[in-house]
Amino acid sequence: MDDRDEVPGDERSIPGPAPHAHHHGDPPSVHPDAGRHLWSTVAICGLVTIVALVALWPRGDDTGSDPLVLDADTISAEVVATDEQPCS
């Protein structure tokens, strides 16, 4: 079958010569050291992350401090009514 022949029922078929690609120009120029700089930046970020994890990791038994007050005394309460409203 010739490229110019139409196939019945095929919406992709185009009468005439087959479609062709076109050139969009040269790719943008990138500095030759860009890859090396990118990997250096990734390595530095990874190293900073590891140092921060070690520096900020909790140490020892710190039972005296509870910044979220999760070990506070509970308060008893009773629900006396509810009122459902549609979201606005």
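Biologist: How many salt bridges does the count come to?
Modeller: One salt bridge, taking a side-chain nitrogen of Lys or Arg within 4 Å of a carboxyl oxygen of Asp or Glu. This is a predicted model: local features need pLDDT of at least 70, side-chain atom pairs count only at pLDDT 80 or more, and totals for chains, interfaces and linings use all residues. Residues are numbered from 1 along each chain as its sequence is written, and side-chain values use heavy atoms, with hydrogens and water left out.

Biologist: Which side chains meet in that salt bridge?
Modeller: Arginine 36 and aspartate 33, at 3.3 Å, N to O.

Biologist: Is arginine 36 buried or exposed?
Modeller: Exposed, because its relative accessibility is 52%. The cut-offs are under 20% relative accessible area for buried, over 50% for exposed, and partly exposed in between (1.4 Å probe, protein chains only). Aspartate 33 is partly exposed, at 28%.

Biologist: New topic. How many helices and strands does the chain have?
Modeller: One helix and zero strands. Both are DSSP runs, numbered from the N terminus: helices are H or I with at least four residues, strands E with at least two.

Biologist: And where is valine 42?
Modeller: In helix H1, residues 34–56. Valine 42 is partly exposed, with 44% relative accessible area.

Biologist: Which residues form the nonpolar patch with Val42?
Modeller: Leu38 and Trp39. Together the three have about 360 Å² of accessible area, by the Shrake-Rupley method with a 1.4 Å probe, where for residues only the protein chains shown count as cover.

Biologist: What share of the chain is buried?
Modeller: Buried residues make up 1% of the 88 residues.

Key:
Patches are made of residues with over 30% relative accessible area and no salt bridge: like charges are joined within 9 Å, nonpolar side chains (Val, Leu, Ile, Met, Phe, Trp, Tyr) within 5 Å.
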